[in-house]
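Please read it with the structure open.

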Amino acid sequence: MAYLDPQITDALDSLKKEFKDLKDKSAILRSPTIKKLFSEIPKLEPSKRAEFGKEVNKLKIEVTSWLDDVSSESDKAPIDVTAPFDLNVPAELRPKTLNASLGSIHPISAELDYISDIAYRMGFNVESSRLIDDDYHMFTSLNFPDDHPARDDYDTFMTTDGLIAPAHTSTMQNRLLKKYKPNLDQGLPIAAIIPDRVFRNEDLDATHEHTFYQFEGIYVAKDVAVGNLIATLRTFLSEYFKQDLQAKIQPFYFPFTEPSFELAIQRPDSLKKGDTEADQWLELLGCGMIHPNVLQEAGIDPREYSGFAWGCGVERLIMMKYEIDDIRHFQSGKLEFLRQFS
Amino acid sequence: MKFSINWAQKYSNVDLKAISPDQLIASIGEQLGAVEEVEDLAQKYKDVYIVKLVRVVKHPDSDKLSLCLIDDAKQVKNVKRNADGLVQIVCGAPNVKVGMLAAWIPPGAIVPSTFSGKPLVLEAKKLRGKTSHGMLASPKELDLSDEHEGILEVPAKNKQVKAGALFGSAYGLDDLVIDLENKMFTHRPDCFGMLGVARELAGINNQQFESPDWYTATGQKIASGFDSKNDIPSEVPRFTLQVVKGIEVKPSSQEIQNSLIAVGSKPINNIVDLTNYYMHLTAQPTHAFDYDKVKKLCAGKVSIFPRLAKTGEKLQLLTGKTIELTDKDIVIATDKQPIALAGIMGGKATEVDSTTKNIIIECANFNMYTIRRSSMHHGLFTDAVTRFNKGQSSLQNAVVLSKLTQAIVEDAGGKAADGYDSNPEMLADHWPAIKVNSDFVNSRLGSDISATEMASLLQNVEFSVAVKEKSLAVSPPYWRTDISIVEDIVEEIGRLYGYSKLPVELPSRLIRPVVKNSELQFKQDLRRILSAAGANEVLSYSFVSEKLLTNCGQDPSEAYKLSNALSPQLQYYRMSLTPSLLSRVHQNIKAGYSKFVIYEINKTHLKSHGVDSEGLPIEMEMFSLVYGSDSKQHPAKAGSAYYQAKAYLDHIAQKLGTSFHYQKLDKKPAYQVASPFDWQRSALVTDHNSGNTLGMIGEFNRSTARNLKLPENCSGFEINYKQLMESVGSLNRYLALAKFPSTTKDITIEVPLDYCYGLLAGYVEHVIEQLAAKQPLRISSQLIDIFHKKSAKSKNITIRITMSNKDKTLTSDQATAISEQISKYLSDNIQKTDS
């Protein structure tokens with residue numbers, strides 16, 4: 001690199017010498033030579049300051065890059081990557097795993113495992129979702145026509161390649177209906193849940209995350225009725241809260257179910273706070289009878305088979321359970337938060 | 001969608017006021033849709049009184065303030081009054097005058113405009129030395145409009161409006177306003193009008209609703225003679241116009257104003273208010289243009305018509321904002337220029353104002369998808385958009401235009417003149433009836449409802465239904481554009497019948513175990529192993545910043561980039577997990593955690609990994625772990641951080657019944673996953689058995705460490721857990737228990753300083769196997785020490801051999817012989833590899 005100001009060229013030479021002799025190479029960034037150059041700036045004529053300042057910064061970047069060059073030929077002795085410990089390390093200081101009591105599984109992983117366990121016991125397969133998908137699976141296959149206002153409720157992230165960060169685990173519905181369609185020919189239902197990560201283009205606050213988890217459920221067989229949906233979810237949630245709970249549905253709208261509902265359950269004792277009407281019921285999830293167009297899109301005859309689907313947020317369940325006040329803790333990576341879980 | 005009970009009551013034969021608010025709200029929630037908010041206007045205005053201004057004088061210490069004495073017929077208690085029983089108010093409004101009626105918010109009352117937010121409770125307050133007991137309210141403070149230049153002048157229109165009357169009752173604001181979630185009605189164009197919701201309320205109360213006659217009279221003929229055309233019927237299914245001449249623009253009637261105020265629509269003038277009134281009533285938006293202003297914008301004869309805009313054309317909207325149009329926008333235009341953004345907002349140049357004498361009323365229907373696209377493109381979200389993008393019925397156009405014209409003539413005077421209708425012959429009954437069997441409906445609902453009962457539920461909301469035994473032929477009314485398939489009929493019947501009455505039953509199930517998802521099980525196994533080894537699982541965002549990528553030596557052009565990221569912090573799909581974990585190290589050290597191991601199991605995406613059979617990016621299933629410790633917790637004698645990460649990987653291998661091979665690198669690997677690692681202090685991890693590459697382990701680049709403020713002692717690994725899963729259980733380590741006493745011998749071998757321990761370990765394993773194959777021996781080995789004397793060119797590796805004979809006790813001589821055999825084998829082989 002060439003510098004216009006001779007003062008800087010001189011400084012570069014002297015820094016090179018300093019660097020050679022330094023033991024802790026990173027100390028070069030704190031060299032008085034650099035500091036001195038910065039302190040020169042205010043003394044200059046105003047018209048020259050900008051030019052000089054730019055050069056000093058350029059110099060600092062150059063010097064910083066030296067550190068990268070030496071990154072590997074560092075002062076550290078080479079290591080034998082195949083050995084279990086370093087040379088001369090006394091037995092008591094050899095690497096070992098940390099104390100088990102410090103360890104933890106993320107509360108979301110633990111929750112998804114707990115939910116999956118209930119699903120297995122009720123006869124549901126458990127599947128993962130994709131984290132990058134296309135418009136067809138996210139919308140079109142779910143009976144969302146292009147430019148339909150129903151899309152307004154899903155603030156989706158898009159990539160510059162036109163791909164989509166799925167805003168719901170329903171993005172897997174079409175694939176799983178197709179995958180398990182042979183079940184129907186054998187007289188078995190299609191029954192699966194999909195617990196995984198989804199994304200919404202939403203500003204962060206204590207109750208809103210742009211990255212969160214849902215678990216989707218689908219069930220398709222012959223003669224599946226609304227009452228089966230209510231009973232299944234009621235059983236699922238009773239098992240979840242370890243208490244026999246009443247459930248009720250209220251009309252709602254989703255393009256991929258017809259009719260669509262919101263399901264509320266009787267508030268479990270463990271989450272009871274007061275005794276008002278609002279305290280009696282807990283609105284938990286959206287659900288409905290799978291729209292015939294969605295079945296048809298997966299090659300299933302909607303006159304012969306019917307089914308239901310639901311989607312439920314996961315963080316809220318955990319937040320209620322532990323009385324966690326801020327959804328942002330989940331992805332914060334804070335040990336203070338994580339180590340409270342086992 | 002705000003729904004006013006008072007307003008709906010005018011059109012409903014069901015006595016809505018007789019139903020308790022709680023019950024009404026509950027039944028809406030159960031049988032119509034989610035209630036977002038309930039506004040009890042009676043509560044909002046309960047403390048506001050109409051008062052008469054008895055005396056008004058200038059405030060002695062202010063040019064702008066007045067001292068007013070007001071008469072409230074002594075309705076308000078606990079307020080300071082003068083000898084005549086009047087209350088003093090200090091008021092800054094320019095329009096205060098003796099004898100006028102005004103609205104008074106006394107001390108202790110909530111200012112209505114703050115009612116639903118953070119309530120402001122008034123108190124008696126001194127203004128320039130004079131006490132004001134509450135305030136005289138402007139329309140803005142009363143939440144009636146944005147007007148705040150002066151106080152509200154209450155017209156004494158009838159006997160009820162007098163000093164001491166409750167403001168809310170006098171203004172008809174003793175209303176219950178229910179805000180229904182718009183999302184609920186994405187498929188219900190009719191429910192964006194009072195009529196639609198009122199009809200549903202009748203239906204769920206099992207009563208027959210009757211729409212007003214004018215609303216069902218779809219055969220209405222619109223006058224002709226106005227010069228217009230419709231060249232884009234796919235974008236504008238119907239376009240109707242009506243000219244009204246000689247009108248008077250003035251404030252609309254109190255009744256119209258009150259209705260609009262109740263649903264949060266600010267009154268403007270009689271013409272605009274009436275168009276809004278009929279939109280809120282029927283869900284059909286309309287627009288009024290000033291005829292004379294339009295005329296000035298026409299080159300030839302007065303004419304307006306819909307067309308697609310030309311890209312680059314400009315239009316100033318009612319709000320004053322000028323937008324640049326594209327050829328995807330529909331506009332209403334004269335022969336010279338666009339004058340309104342169709343279905344979204346009118347233009348400034350043709351706005352109805354107080355001088356308007358003649359108007360053109362437009363009532364049309366537009367392609368819902370085009371309207372939504374334009375609305376999104378221009379960021380304009382109006383009441384009209386909300387209604388048009390749900391797909392209104394074109395049959396409504398002539399109906400509403402006729403009624404609105406009539407209402408305008410009644411209120412504003414004038415005479416209906418020329419008109420235009422693009423589809424004068426449009427008829428209601430051109431849709432075939434939907435045929436559905438009651439057994440089908442019952443099978444989907446799990447119910448047992450008779451065909452006649454089904455018919456009556458539908459008829460209550462004005463469907464026409466022909467029943468023949470179990471077969472129903474259902475014709476939805478013209479406004480129900482959402483009903484097209486049998487499942488729609490199932491929904492209507494279920495909802496109107498009441499979901500809570502449906503029988504609840506679990507599906508029956510075969511006794512057959514579900515196959516567990518092995519990948520998910522494996523992840524959970526891995527988590528258990530790691531948490532039992534003191535590590536903490538982290539979940540972090542799938543999106544990262546460009547800065548984090550470059551700090552970790554990764555190439556952002558390889559990453560999938562979001563086009564609508566929330567912030568630069570979340571711009572790219574991550575290509576590996578390690579950068580996310582590294583970005584959490586410093587914050588935790590700073591928070592006082594001096595030694596920790598964090599890990600994450602998640603998916604990563606990288607352009608160069610290509611696409612799968614669906615043409616979508618292959619998702620990499622990765623597992624990354626990072627060890628971090630500040631220097632106090634990591635004594636120099638403990639050696640390099642690399643071995644801390646390795647201890648974890650070896651631990652995992654041991655728990656999973658496999659073993660890994662660590663391969664030294666001779667140059668930086670060209671993988672994004674490897675980028676954060678300092679290749680000279682890292683190794684490639686392969687599965688010992690299959691030789692498959694699993695990932696990287698090592699310490700991190702100096703620059704990465706510096707940029708992310710990593711501690712000196714930091715290391716980690718990132719491996720593909722799907723590959724890892726395949727290697728699980730490949731190793732059977734079981735060694736039969738010793739039956740005879742065992743003997744130990746330590747063997748110390750001198751090897752060159754750069755000699756790989758792994759090589760030696762391989763020889764040890766091999767020679768032990770050989771010996772055990774020949775003799776009934778049980779031999780195991782353990783590394784005891786690796787010692788390097790300062791400045792020596794070699795190092796000593798000490799291995800402890802534990803041996804026993806399976807059939808008898810091993811003698812000391814035999815043990816020595818075995819140990820010598822091992823020792824010799826090792827020396828021979830080391831020399832071989834060395835030379």
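**Loop residues with positive phi**

B:Lys74 is partly exposed, because 13 other C-beta atoms lie within 10 Å, and a residue counts as partly exposed between the limits of 12 or fewer for exposed and 20 or more for buried. The model is a predicted one.

- Phi of B:Lys74 is near 55°, a positive value in a residue that is not glycine.
- The loop between β4 and β5 of chain B holds B:Lys74.
- B:Ala73 is found in the loop between β4 (66-71) and β5 (87-91) of chain B, and its phi is also positive, near 55°.
- B:Ala73 has 14 other C-beta atoms within 10 Å, so it is partly exposed.
- Most residues other than glycine have a negative phi, and most peptide bonds are trans.

**Other backbone features**

- The peptide bond from A:Glu258 to A:Pro259 is cis, with omega near -5°.
- A:Pro259 is part of strand β7 (residues 257-266) of chain A.
- B:Asn206, which follows α5(B), has a positive phi near 60°.

**Helices of chain B**

- In helix α5 (residues 194-204) of chain B, eleven of the eleven residues are buried, so the helix is largely enclosed by the rest of the structure.
- Among the buried residues of α5(B) are the charged B:Arg199 and B:Glu200.
- The axes of helix α7 (residues 254-262) and helix α8 (residues 270-282) of chain B come within 10 Å and cross at roughly 55°.
- That angle makes α7(B) oblique to α8(B), and the crossing is left-handed.
- On the α7(B) side the contact is made by B:Ile256, B:Gln257, B:Ser259 and B:Leu260, and on the α8(B) side by B:Asp273, B:Leu274, B:Asn276 and B:Tyr277.
- By class, this contact has four nonpolar, three polar and one charged residues.

**Domains**

- Chain A is divided into domain 1 (1-95) and domain 2 (107-338), with 54 Å between their centres, taken over C-alpha atoms.
- Chain B is assigned domain 1 (2-42 + 176-211), domain 2 (238-421), domain 3 (434-501), domain 4 (518-727) and domain 5 (743-834).
- The centres of domain 3 and domain 5 of chain B, taken over C-alpha atoms, are separated by 85 Å.

**Interface between the chains**

- In chain B, 107 residues are in contact with 95 residues of chain A.
- Helix α20 (residues 642-656) of chain B gives the most to the side of chain B that touches chain A, with eight residues.
- That side of chain B divides into 49 nonpolar, 30 polar and 28 charged residues.

Notes
Residues numbered from 1 in each chain as written. Chains lettered and ligands numbered in written order. Predicted model: local features only at pLDDT ≥ 70, side-chain atom pairs only at ≥ 80, totals over all residues. Axes fitted to C-alpha atoms, helices over the stretch in contact; angles between N-to-C directions. Helix = DSSP H or I, 4+ residues; strand = E, 2+ residues; numbered from the N terminus. Parallel < 35°, antiparallel > 145°, perpendicular 65-115°, else oblique. Left-handed = near helix turned anticlockwise from the far one by under 90°. Contact = placed C-beta atoms within 7 Å. Domains from an automatic or database assignment.
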